[in-house]
Amino acid sequence: MTMTVRYPRPLRPGDRIGVTSPSSGVPEELRGRLDVAVRDLEALGYEVVVGRCMDGSTHISAPAAERAAELTEMLTDPAIRAVIPPWGGETAIDLMPLLDFEEIGRAEPTWLAGWSDISVLTTPLTLLTGVATVHGNNLMDTPYRTPEGLTSWLDIVTAAQGEPFRQTPPGRHRSGGWDDWAAHPGIRDLTLDAEGTWTRLDGTGDVDAEGRLIGGCIEILANLTGTPYLDTSRFAGSEPLLVYVEACEDNAFEICRNLHGMRLAGFFDRAAAVLVGRTHAPDSRTLTQHEAVLDALGPLGVPVIADVECGHVPPYLPLVNGARGRVVHTAARSEIVQTLD
């Protein structure tokens, strides 16, 4: 049975947004940043409901059963129109056997946004239920001003269905490090102190490819390889896919192995092109991150474009799992257009 894509209705002022931590919670010293992000949403006219699973004293916000229950409650509550975590974490994979995706799929679609460890939830949710999800901008990132050419998760979840939106690389990114939210909880300007744009890895020439978007963080999704949670065979009928992947911190050897495994399991079988996020993950002694990607994905025979702003290096180019996408990369321009249809 083919899995068709369904979109939650656009958010409107007065709608309720749920905040929960399916992975890591927020330590006390960073609660100031959380408060800033919540106030920003409230200033836009939304009602924000912060859940019980927010403890940041360890790597998980609560026991797995409690995190799964709260996430399910929010995704199936018709009064909550979007769910956003404060950030990612490490072990949200422990929720997989505890989530009833059939129950969630029967509910009216609700936007779920997030990235990093949250890929273990957003990507399977789209593949198993057909409900579109957003990869990009966790709640703690939301106060940052969006660079010219890009958009934010809030712009996406408030957009009218069927209207395309275009994103282009700003040509600048962060060279390393992270902002100190404990000392500066209200910081709004991203540090973009390095230059760089997209890079075609598989060859030269122009790229113009279309397909349904699907993907996420390599270190997270690789652990779902061979399971129903990462099965793209029924997704969006026989349409081609635009697959995006990004590395957080693993070295090039590990990324190479993970991508080989995902390819052998069929995750890239319908790829019309692959987008690869810019990364600060380390090279290995005889293999760079770019070489690792090409070693694993070169046999696909499709365009592979790296250094896209869809990973752990600011700024953030949100992608919608399930959206119809078109990517163009030439000497004169680089862009991705997404349409929620």
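Helix 7 (252-264) packs against helix 8, which spans residues 289-297. In helix 7 of this predicted model, the contacting residues are Ala252, Ile255, Cys256, Leu259, His260 and Arg263. They meet Gln289, Ala292, Val293, Asp295, Ala296 and Leu297 in helix 8. Contact here means heavy atoms within 4.5 Å. Helices (H or I, at least four residues) and strands (E, at least two) are DSSP runs, numbered from the N terminus.

Two packed helices are described by the angle between their axes and the distance between the axes. The axes of helix 7 and helix 8 come within 8 Å and cross at roughly 20°. That makes helix 7 roughly parallel to helix 8. The axes are lines fitted to C-alpha atoms, for helices over the stretch in contact, and angles run from 0 to 180 degrees between N-to-C directions. Angles under 35 degrees count as roughly parallel, over 145 as roughly antiparallel, 65 to 115 as roughly perpendicular and the rest as oblique. The crossing of helix 7 and helix 8 is right-handed. A crossing is right-handed if the near helix is turned clockwise from the far one by less than a right angle, and left-handed if anticlockwise.

The buried residues of helix 8 are Gln289, Ala292, Val293, Ala296 and Leu297. They cover an arc of only 105° around the axis, which puts them on the same side of helix 8. The arc is that of the directions from the helix axis to the C-beta atoms. Buried means under 20% relative accessible area, exposed over 50%, and partly exposed in between (1.4 Å probe, protein chains only). The cover over these buried residues includes helix 7, strand 12 (271-277) and strand 13 (304-308).

Phenylalanine 267 sits in the loop between helix 7 and strand 12. Its relative accessibility is 2%, so phenylalanine 267 counts as buried. Residues up to four places away in sequence aside, phenylalanine 267 touches Ile214, Gly215, Leu221, Leu230, Thr232, Val243 and Met262.

Most residues other than glycine have a negative phi, and most peptide bonds are trans. Alanine 236 has a positive phi, near 60°. This residue lies in the loop between helix 6 (218-221) and strand 11 (241-246). Alanine 236 is buried, with a relative accessible area of 8%. Aspartate 307 also has a positive phi, near 65°. Its place is in strand 13, and at 14% relative accessibility aspartate 307 counts as buried. The peptide bond from proline 314 to proline 315 is cis, with omega near 10°. Proline 315 is found in the loop between strand 13 and strand 14 (319-321).

An unreviewed UniProt entry lists "domain: LD-carboxypeptidase C-terminal" at residues 210-326. The end C-alpha atoms of this span lie 4 Å apart, and the span is 22% helix and 27% strand. UniProt positions are given in the numbering used here, feature names are shortened, and annotations may be inferred rather than shown by experiment.

Residues are numbered from 1 along each chain as its sequence is written, and side-chain values use heavy atoms, with hydrogens and water left out. Because the model is predicted, local features need pLDDT of at least 70 and side-chain atom pairs count only at pLDDT 80 or more, while totals for chains, interfaces and linings use all residues.
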